[in-house]
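Me: I would like to go through the terms used for this model. Please set each value against its cut-off.

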Amino acid sequence: MSSERDAMIGSLKNTVIPELRGKGFKGSFSHFYRKTEERADLLMFQFSMWGGVLYIEISKCSPEGHTDVSGKFRPPNKMKVYYIGDPSGWHRYRIGDGGKDMFEFNEVNTDQVVLQIKESLEEADEWWASYPDWWKNNPSF
């Protein structure tokens with residue numbers, strides 16, 4: 001790993017992950033889930049292979065879990081954002097800094113970037129609450 005990525009992970013673990021835990025999320029870096037009565041909220045941190053860019057991708061599924069396109073069922077604690085999808089769509093969303101859908105960082109600005117990420121968690125909460133419960137329309141997935 002690069003030193004800038006290590007710095008970003010350290011800042012996430014010190015600032016954003018405790019915030020997620022406070023909102024009821026479980027899991028380990030870089031995949032998290034929160035189970036409610038209505039759904040399971042999913043969140044994933046993904047770094048660009050070219051460095052300096054972090055994506056936060058979110059999704060949701062049934063509170064019981066999800067059967068992916070390969071036919072494998074996973075309960076919420078084993079779900080990953082990238083497993084979500086079916087023939088009708090992928091049902092995923094990227095949150096980001098001011099609509100850019102990404103967070104750009106370097107070794108020295110990670111503390112400022114995590115503050116932007118914390119603000120973007122509100123965008124994620126709004127998406128989880130408003131995006132249709134797609135699995136109700138297609139119970140085979």
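**Burial, rings and packing**

Reply: Phe47 and Phe105 are both buried, that is, under 20% relative accessible area, where exposed means over 50% and partly exposed lies in between (1.4 Å probe, protein chains only). This is a predicted model: local features need pLDDT of at least 70, side-chain atom pairs count only at pLDDT 80 or more, and totals for chains, interfaces and linings use all residues. Residues are numbered from 1 along each chain as its sequence is written, and side-chain values use heavy atoms, with hydrogens and water left out.

Me: Why is the pair of Phe47 and Phe105 called edge-to-face?

Reply: Rings of Phe, Tyr and Trp (its six-membered ring) pair if their centres lie within 6.5 Å; planes under 30 degrees apart count as stacked, over 60 as edge-to-face and the rest as tilted. Here the centres are 5.8 Å apart and the planes stand at 80°, so the pair is edge-to-face. Phe47 lies in strand β3 (residues 40-47) and Phe105 in the loop between β8 (103-104) and α2, so the pair ties together parts 58 residues apart in sequence. Strands are DSSP runs of E, at least two residues; helices are runs of H or I, at least four, and both are numbered from the N terminus.

Me: What makes the pair of Trp127 and Tyr131 stacked?

Reply: Trp127 and Tyr131 have 20° between their planes and 4.5 Å centre to centre. By the ring rule, that angle is under 30 degrees and the distance within 6.5 Å, so the pair counts as stacked.

Me: How do you know that the charged end of Arg74 sits over the ring of Tyr83?

Reply: The rule asks for NZ of Lys or CZ of Arg within 6 Å of the ring centre and within 35 degrees of the ring normal. The charged end of Arg74 is 3.5 Å from the centre of the Tyr83 ring. Arg94 sits over Tyr55 in this way too, at 4.1 Å.

Me: What describes the packing of α1 and α2?

Reply: Two packed helices are described by the angle between their axes and the distance between the axes. Helix α1 (residues 3-22) and helix α2 (residues 110-130) pack at about 40°, with axes 9 Å apart. Axes are lines fitted to C-alpha atoms over the stretch in contact, and angles run from 0 to 180 degrees between N-to-C directions.
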